Amino acid sequence: MSTRTSWADLAANSAAENTTAGSSANNASVGTTSAAPARSTYVPPHLRNRVPSSDPPAPPYSGPASSNDRQGYGGPASSNDRQGYGGSRWGPPRNDYRSGYGGGGGRTGGWGNRSGGWDRGREREVNPFGDDDDTEQAFSEQENTGINFDAYEDIPVETSGENVPPPVNTFAEIDLGEALNQNIHRCKYVKPTPVQRHAIPISLAGRDLMACAQTGSGKTAAFCFPIISGIMKMQGQSAQRPLRGARTVYPLALILSPTRELSMQIHEEARKFSYQTGVKVVVAYGGAPINQQLRELERGVDILVATPGRLVDLLERARVSLQMVKYLALDEADRMLDMGFEPQIRKIVEQNDMPLPGARQTMLFSATFPKEIQRLASDFLFNYVFLAVGRVGSSTDLIVQRVEFVHESDKRSHLMDLLHAQRANGVQGKQALTLVFVETKKGADSLEHWLYVNGFPSTSIHGDRTQQEREQALRSFRSGNTPILVATDVAARGLDIPHVAHVVNFDLPNDIDDYVHRIGRTGRAGKTGLATAFFNEGNASLARSLADLMQESNQEVPAWLSRYAVRSSYGGRNRRSGGGRFGGRDFRRDSSFSRGSSDYYSGANSSGGYGASGGYGGYGSGMTSAWD
DNA sequence: AAAAAAG
C-alpha cells in the first residue's frame with residue numbers, strides 16, 4: 001500500500017476533521033467514527049506473540065488488535081498507547097479515536113494477549129506506524145529523508161576531541177540490530193543524515209557527545225538509535241531489573257527536553273524506533289495527571305522521556321531511580337542549561353543517584369550552543385566529542401527572512417495586512433500555516449482573540465493554558481483547522497510541524513538564538529519558508545546580531561537595520577562569533593580556554609569546505625549555529 | 001523582563 005501522498009493530500013486528509021479513515025497508508029487499521037471498536041477476536045495461543053517477519057520495505061502494517069489491553073479497547077488512551085494528536089490523552093473517551101483501536105485487521109492479530117506483568121512490552125505493543133496521525137509524522141520524516149542527499153556531501157562538519165570515531169555512510173555499516181534496522185526501514189530512512197552519520201558511531205563507541213545539529217535532520221534518531229541499540233545489547237545480560245510491582249522503576253536511559261510538547265514528540269519518535277525491540281519507552285511531563293504516568297512506569301521502562309519538573313517530582317516520590325541510567329540525553333541542551341532550567345538539571349543529574357560522567361554516557365544536542373553554556377555543559381560530560389553539523393547550503397538558506405520596521409501600535413494592522421495578502425495569494429489555504437510568535441502569554445491571548453474577532457481562525461499556545469488546551473491548539477494548528485497559531489517561546493524549539501509556511505516574529509525575542517529556533521519552525525524538510533519580523537526601537541539590542549545572521553544567510557539586510565546595527569553594536573552580548581557560517585565551535589578550542597597541553601584536544605577534524613576554522617571565535621561572544 | 005517547568 002502506498003505511503004506516499006502529496007502534502008496537499010495529506011493536509012486535505014487532516015483537514016477532513018479527523019472523521020475519515022485517513023490516508024491510504026493506514027486505512028486498514030482504523031475504525032474511526034463509524035466502526036465501533038471491534039471486540040478482540042480470540043487468537044489461539046500458538047498464534048499469539050507472533051512477530052511479523054519479512055517486511056522490509058515494510059508497509060506500515062496495521063496495528064495489533066488490542067492497543068490497550070488494560071481497558072479492553074478504547075478507554076482514554078494512555079500516553080504510551082497513543083501517540084497521536086487525536087483526542088485528549090486523559091480526557092473522556094471519544095469516538096474519534098482512530099489509531100490503534102479499531103481492532104483487528106492486522107495480519108498478525110492477537111498480540112494483545114492479556115498476559116499479566118511486564119514482559120518487556122513486546123506482546124502488547126501498539127504499532128506506532130499504524131497510526132493516522134503518525135502518518136503525518138512519518139510523512140515528515142520521509143520528507144526529511146527526502147532532502148537532497150547529494151547536497152549533503154558538501155555539508156560542513158566539524159568534530160573535535162580525542163580519537164573521534166569516523167563517520168559512516170550507510171546504516172548497514174553500523175550494527176544496530178535487526179529489529180532496529182527494520183524500524184529504520186519502516187521510517188523510510190534510506191541513508192543516515194549528516195548528524196546521524198557522525199553522531200551514531202561516536203555514541204556507539206561509548207563516547208560522550210556535544211552536538212550542534214538541526215532538528216529536522218534526524219537529530220532525535222541520532223541519539224535514539226545508539227540508546228536503543230545499546231539497551232538491546234544489555235538485555236542479554238543479567239540486568240538487576242526490579243521485580244514487577246516494585247514501586248521504584250529504574251530506567252536505563254533518560255531523555256530530557258524543555259517543553260512538554262517536545263517530550264511528547266520525542267517519545268512518539270522513540271516509540272517508532274524501538275518498536276518490537278523489546279525496549280520500552282515511557283514519557284512523563286507536567287500538566288497531565290500523574291497517576292496514568294505512574295501506571296505506565298510500573299509496567300516497565302527502559303527509556304524515560306521527561307520534562308524536568310515532572311521528573312523531579314517522580315524522583316522525590318521515589319518512583320523513579322536514576323541509579324541504572326547508562327544513557328543521558330539532553331535535547332535543546334543549551335536551553336536545558338540556561339538560567340531557568342540549570343538548577344533542576346543539576347538536581348536531576350548531580351543530586352540524585354545518577355552514575356557519574358564516565359560511568360554513564362551523556363549526549364547533548366542543540367542547534368545553538370553558546371560558549372558559556374558549553375562551559376556549563378562540560379560538567380556533565382567525560383572526554384567528549386564535539387560535533388557541529390551544518391545543513392544543506394548555508395545557514396537557514398531555505399528560509400527567506402524579512403524584517404519590517406513596525407511601530408508597536410501598528411503591529412496588529414500590519415499583521416492583518418500580511419494575512420490578507422497571504423489569503424489573496426492563496427498561500428494561506430488549509431495547508432499553509434502561519435506561526436506568530438509574541439513575547440508574553442497575555443499578549444498571545446489578546447492577539448489570538450483579536451485575530452479571531454477579525455475573522456482569522458486562530459488559536460494559541462503558551463504556558464498559562466492548560467495542557468489539554470495546549471495540545472488541542474497544536475492539533476488544531478497541525479490539521480489546518482486553525483491555520484494561525486499565536487505562540488510564546490514554548491513553541492520555539494524542536495517542534496516539528498509540517499506545512500508551516502510563514503513564521504511571524506510579531507515581537508522579536510531578545511536573544512538571537514531564540515530567533516534562530518523560532519524561524520526554524522518553517523523551511524523544514526527541504527521546503528522553503530518565509531520568516532517576517534516586526535522590528536522597532538524596542539529591538540535595538542538585537543539589531544546587530546540580527547543583521548549579522550541575515551547577512552550570513554544571504555538575506556537582504558535593510559539599510560535602516562544596518563544603521564541600527566552599527567549604533568547598537570557595542571556590548572555585543574548577542575553577537576555571534578565565527579561569522580556564523582558554520583554550525584559551531586568547540587569552546588575547548590577557543591583561546592580563552594587554556595588548559596593542559598595544546599594537543600590534548602588537537603584532534604579537530606573538519607570537512608566540507610570550511611577548513612579547520614581556527615581562531616575566529618571571540619571572547620565572550622556567544623557561539624551559535626544558524627540552524628535549528 | 002519573559003518564558004519554561006510541579007501542583
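Which domain does UniProt place at residues 169–197? The entry, which is unreviewed, puts "domain: DEAD-box RNA helicase Q" there. UniProt positions are given in the numbering used here, feature names are shortened, and such annotations may be inferred rather than shown by experiment.

A few ground rules before the points. This is a predicted model, where local features need pLDDT of at least 70 and side-chain atom pairs count only at pLDDT 80 or more, while totals for chains, interfaces and linings use all residues. Residues are numbered from 1 along each chain as its sequence is written, chains are lettered from A and ligands numbered from 1 in the order in which they are written, and side-chain values use heavy atoms, with hydrogens and water left out.

1. **The annotated stretch.** Take residues 169–197 on their own: the end C-alpha atoms lie 6 Å apart, and the span is 45% helix and 0% strand. (Helices here are DSSP runs of H or I with at least four residues, strands are runs of E with at least two, and both are numbered from the N terminus.)

2. **Phe171 and Phe225.** The structure holds 12 aromatic pairs. In one of them, the ring centres of Phe171 and Phe225 are 6.0 Å apart and the planes sit at 65 degrees, so call this pair edge-to-face. (Rings of Phe, Tyr and Trp, the last by its six-membered ring, pair if their centres lie within 6.5 Å; planes under 30 degrees apart are stacked, over 60 edge-to-face, and the rest tilted.) Phe171 comes from the loop between β1 (157–160) and α4 (178–186) and Phe225 from helix α6 (residues 219–234), so the contact ties together parts that are 54 residues apart in sequence. Phe171 is buried at 6% relative accessible area, and Phe225 is buried at 0%. (Buried means under 20% relative accessible area, exposed over 50%, and partly exposed in between, using a 1.4 Å probe and protein chains only.)

3. **Tyr189 and Phe273.** Here the ring centres are 6.1 Å apart with planes at 55 degrees, so the pair is tilted. Tyr189 belongs to the loop between α4 and α5 (194–204), and Phe273 to helix α7 (residues 260–273), so this pair ties together parts that are 84 residues apart in sequence. Both Tyr189 and Phe273 are buried.

4. **Helix α7.** How many of the 14 residues of α7 are buried? The count is 13, so the helix is largely enclosed by the rest of the structure. The geometry checks out too: at 1.5 Å a residue the 14 residues should span 20 Å, and the end C-alpha atoms are 20 Å apart. (The expected span is 1.5 Å times one less than the number of residues.)

5. **Strand β8.** In β8 (residues 385–389), 5 of the 5 residues are buried, so the rest of the structure largely encloses this strand. Val385, Leu387 and Val389 are on one side, Phe386 and Ala388 on the other, and both faces are covered. Strands β1 and β8 run antiparallel, joined by 4 bridges, with Ser160 opposite Phe386. (Two strands pair if DSSP finds at least two bridges between them.) Strand β2 (residues 209–212) is parallel to β8, again over 4 bridges, and Leu209 has Val385 as its bridge partner.

6. **Strand β12.** From β12 (residues 484–487), Ile484 and Val486 point one way, Leu485 and Ala487 the other, and all are buried. Strand β10 (residues 433–437) pairs with β12 in the parallel sense over 4 bridges, and Leu435 stands opposite Leu485. Strand β11 (residues 458–461) also runs parallel to β12, with 4 bridges, and Thr459 has Leu485 as its bridge partner.

7. **Arginines over rings.** Arg588 lies over the face of Tyr384, at 3.7 Å from the ring centre. Arg567 does likewise over Tyr564, at 4.7 Å. (A charge sits over a ring if NZ of Lys or CZ of Arg is within 6 Å of the ring centre and within 35 degrees of the ring normal.)

8. **Positive phi.** Lys188 has phi near 70 degrees, a positive value in a residue other than glycine, and is found in the loop between α4 and α5. Asn554 also has a positive phi, near 60 degrees, in the loop between α17 (540–552) and α18 (559–567). At 57% relative accessibility, Asn554 counts as exposed.
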